[in-house]
Amino acid sequence: MQENHVSLTAIMTAYMRAYHAMNDTPKIFDDFLAFELIPEERRVLIEQGLASALQIPVPEAGLARSGQAADALRPFLQAMGLSHVLSRSRYAEDNLELAVQQGIGQYVILGAGLDTFAFRRPDLLRQLQVFEADHPATQAFKRDRLAELKWETPSHLHFVPVDFTKERLADALKRTAYDVQTKSFFSWLGVTMYLTRDEVFATLRSIAEIAPAGSAVIFDYFVPEEGAPHDKEMREELSKIGEPMKTALDPSTLAVELERVGLRLHENASSADIQERYFQNRTDGYQASCHVRFAWAVVT
């Protein structure tokens, strides 16, 4: 992302989660707070751009809240990666719940963006210390919005400003209340593809260094597929807004690469796995992305 600018993809993915929460049944991932977290002027700009692309007017209530217009918007958001945004969040929080049952005491959200977990899941928050790590500009944007909404920051939530291209995660966490003796769960969603390969594995190595054995990290990663629908268009659009995709990983060699940085690959979910788990029997067109996988690794 551009220096000193809030991540536009962070805002857009929050809008996608909000759209799904307001318009789709059954829910894949119900982020019922996402819409509120996006400032009105940002929502207006997003919907003006979407309406222009769809060649339809913006209804007075907005695209996402206006029946017929919302229906017209669905396939467009799907082409932009809505299904992936929903399934990766569901995958992370499903596995977090299991980890909490097994004694995990800290949850670190890397590239947190406009994540709402700490406000949406008080049941789990009571059992966790939560650390949101993100670029300083994006984190400042979110904290300003929380102040505007007058949402009280829970005592179990800690903000960790960090630029992954300039600072090690371990060093950033050492400035906080993070406990290096407590097993932790890390989620790293929608980030690896925007970093260089060296930056990706440096962060994973940093997790292995600061978290005790048995801690876990879940991340999604890009797998280039020749001829994949919307792949070229998606890359071009991300480049235009200054957030180009930089890195793809090979699923066949990932286990070995993770071992080199102190992690054991526990699960490497393919698009077929994700399809079966989250999109079976849906009639709204949602399906797993063919060029993204989910990895679940454990600190050794």
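1. Let us start with the pair α1 and α3, which are roughly perpendicular to each other, a label used for angles of 65 to 115 degrees. Helix α3 covers residues 40-54, and α1 packs against α3 at an angle of about 80 degrees with the axes 11 Å apart. Axes here are lines fitted to C-alpha atoms, for helices over the stretch in contact, and angles run from 0 to 180 degrees between N-to-C directions. Helices (H or I, at least four residues) and strands (E, at least two) are DSSP runs, numbered from the N terminus.

2. A word on the source: this is a predicted model, where local features need pLDDT of at least 70 and side-chain atom pairs count only at pLDDT 80 or more, while totals for chains, interfaces and linings use all residues. Residues are numbered from 1 along each chain as its sequence is written, and side-chain values use heavy atoms, leaving out hydrogens and water.

3. Which residues of α1 and α3 meet? From α1 come Leu 8, Ile 11, Met 12 and Tyr 15, and from α3 come Arg 42, Ile 46, Glu 47 and Leu 50, with contact meaning heavy atoms within 4.5 Å. By class, this contact of α1 with α3 has six nonpolar, no polar and two charged residues. Ala, Val, Leu, Ile, Met, Phe, Trp, Tyr, Cys and Pro count as nonpolar, Asp, Glu, Lys and Arg as charged, and the others, Gly among them, as polar.

4. Helix α1 (residues 8-23) also packs with helix α4 (residues 67-79), at an angle of about 135 degrees and with axes 11 Å apart. The two are therefore oblique to each other, the class left once angles under 35 degrees (roughly parallel), over 145 (roughly antiparallel) and 65 to 115 (roughly perpendicular) are taken out. The α1 side of the contact is Met 12, Tyr 15, Met 16, Tyr 19 and Asn 23, and the α4 side is Ala 70, Asp 71, Leu 73, Arg 74 and Leu 77. Seven nonpolar, one polar and two charged residues make up this contact of α1 with α4.

5. Two backbone details deserve a look. The peptide bond from Thr 25 to Pro 26 is cis, with omega near -5 degrees, and Pro 26 sits in the loop between α1 and α2 (34-37). Lys 150, in the loop between α8 (136-149) and β3 (157-161), has a positive phi of about 60 degrees although it is not a glycine.

6. Finally, α5 (82-101) gives the most to the lining of the second largest pocket, with three residues.
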